[in-house]
Amino acid sequence: MDINWANVFDWMILLKSFITGGIICIIGQILIDKTKLTPARILVIFVTTGAILGGLGIYQFLVDFAGAGATVPLTGFGFNLAKGAIEGVEQYGLIGAFTGGVKAAAGGIAAAVFFGYIASLISKPKMKKQ
Amino acid sequence: MEKLGSQTIKFNTPPTILECASIVGPKEAQGPLAKYFDQTLEDEFWGEKTWEKAESKIVKETVNTVISKAGIASSNIDCVFAGDLLNQCISSSFGLRELNIPFFGVFGACSTFVESMSLGAICIESFAKYVLCATSSHFCSAEKQFRFPLELGNQRPPSSQWTVTGSGATILSASGQGPYITYITPGKIIDMGIKDANNMGSAMAPAFIDTLITHFNDTGRSPSYYDAIISGDLGSIGKDIVIDIAKSKGFNIKNNYDDCGVLIFDKNSQDTHSGGSGCACSGTVFSGYLFKQLKEKKLKKILLIATGALMNSTSSQQGESIPGIAHAISIEI
Amino acid sequence: MEPLESKQTYQEYVDKKSPNSPILKNCFNAFWVGGLICTIGQVILNICKERGFDTQLSGTIVSIILIGLSAFLTGLNVFNKIGKFAGAGSLIPITGFANSIVSPAMEYKSEGYVMGVGGKMFTVAGPVLVFGISASIIVGIIYLIFHTQSVTLV
């Protein structure tokens, strides 16, 4: 299969993705340093924000602009869930609201569970050396 | 034994601290006090399958070491006081289940070492010939129980402290050449409303101040009476706070005060943020470093005040503040 | 002001005494590590698109690869070092979600594979799924009410 590497390494797209992703992470870092929120709470805030912005149709603009810079952060995971739910509703009505979200995020969830299990089989936690 | 003032107990025939032993983990072995410990471990598992088992083994081996150093038969020991941080004190009870000595499990969070020694000293004054006191903590098992999985990629805030891996044990005796336990001042629970589990030093500092001042008022002593006043695990932030507040209350402890959590690690090169913590912090620093200083008469009078944060992960999830405690013990030779 | 006078004065005193996190340095590290992870994701996404996968599938492939990478690094005991350096830079991307599932799975292995690994796997990431999925269902229902009255309810 032919891959046009110039398209893959389109600097403008990569730069947009880098900067957008970086800025979303800075927001998270400010939350970590300025509040006493635990990592779990910060992840929850991001995923919920993503879902709400996705539902309002705002996050789609960010995804169109930044690509992976908007979908890779956890807000993108929330967006993906919300988008899936909306598409589910369009296809199946009420049931789609329940099935659509998880269906859209199924790959990520299943991968995390599976790889987590595999890692626990072959690896042991170690003490931080510093 | 008589009561002095509001909280202090004075021993008329002061018990001797016969012998001490300490075993520490790999990180403590890289710290400034490494050479004072009896044994340092190369890894945190010590050949065991889990950290909890490793911690039990550390207690067991430390207790065996102190018994053999003291040169007495374990059947002569009248009772053991021991405790740790894990739920229901399993490190102590599992580690010492084959010891065959009457056992009292003690919980005083990180103040357990001095609490055990206080209770042990009272036993010596009333009936016992030899009493064994031990305590332990383990960085990994404590993180697992109180905080997050080790492999979680989170950042520790600058006020956080590093749980000491290790165990300290001591044998108190009714007769001997000292160092002697002359006074104990058991502390009250003090809660000044600090909720941040990553800022234990600040949560425990008010309890330290309360016990310190009560001790001086009860005994009529002043800070300059002691060669060293040592707190358990207030860390560098707690240390700063108590020097400041003690001064405002008219007690200048700046010159002879230090903290086990500050002493055990090198803050800059070991990245331990505010310093060491855990039961083993005061346990190992006393058993390893301070006891040898007393024996060599480099220090003659010390006031050891171990501090504890009486919380668990459920209480902090429910938004409770952190009650602190501090027990003081005056040791002289 | 006497610090130990009341809980409030003591809290204010402690806040003044406690050092702040080096927020500028942390933000800088979070920015470039987070940005880099997203850029890696973008490269994978571009390759997928070149190969003719649709947007939805490409996004899923990106997630799976980044999650696999994060799980691998967690298993090698490396991810916590990256996390300590980068903070939100590795937490906020999907890598942090994967790490928060893999790390308790490894940690609780000592309590057995069923109740340890299986049971504790979601101690950190569970809330993310609970709130994320619940939010998506609510979004779906609201969408149903406002946009598709014509669609029959099942």
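1. Chain B is divided by its domain assignment into domain 1 (2-173) and domain 2 (180-332); such bounds come from an automatic or database domain assignment. The C-alpha centres of domain 1 of chain B and domain 2 of chain B are 17 Å apart.

2. This is a predicted model, in which local features need pLDDT of at least 70 and side-chain atom pairs count only at pLDDT 80 or more, while totals for chains, interfaces and linings use all residues. Residues are numbered from 1 along each chain as its sequence is written, and chains are lettered from A and ligands numbered from 1 in the order in which they are written.

3. Between the two domains of chain B, 59 residues of domain 1 are in contact with 58 residues of domain 2. Two residues are in contact if their C-beta atoms, placed from the backbone, lie within 7 Å. On the domain 1 side, the elements of chain B that each supply at least two residues include β3 (16-24), α4 (112-126) and β9 (166-173). Helices (H or I, at least four residues) and strands (E, at least two) are DSSP runs, numbered from the N terminus. With seven residues, α4(B) gives the most to this side.

4. The side of domain 1 of chain B that touches domain 2 of chain B has 27 nonpolar, 26 polar and six charged residues. Here Ala, Val, Leu, Ile, Met, Phe, Trp, Tyr, Cys and Pro count as nonpolar, Asp, Glu, Lys and Arg as charged, and the others, Gly among them, as polar.

5. Why is β3(B) largely enclosed by the rest of the structure? Nine of the nine residues of β3(B) are buried, so the strand is largely enclosed. A residue is buried if 20 or more other C-beta atoms, placed from the backbone, lie within 10 Å of its own.

6. Strands pair if DSSP finds at least two bridges between them. β3(B) and β9(B) run antiparallel and are joined by eight bridges; Ile23(B) has Ser167(B) as its bridge partner in β9(B). β3(B) also runs parallel to β4 (residues 39-40) of chain B, with two bridges, and there the bridge partner of Ile23(B) is Gln39(B).

7. Chain C meets chain A through 74 of its residues, which are in contact with 76 residues of chain A. The largest share of the chain C side, 19 residues, comes from α2(C). By class, that side holds 45 nonpolar, 25 polar and four charged residues.

8. On confidence, chain C has a mean pLDDT of 92, and 95% of its residues reach 70 or more; pLDDT is the predictor's confidence in each residue, from 0 to 100. For the complex, the predictor gives an ipTM of 0.93 and a pTM of 0.94.

Terms used
A residue is buried if 20 or more other C-beta atoms lie within 10 Å of its own, exposed if 12 or fewer, and partly exposed in between; C-beta atoms are placed from the backbone.
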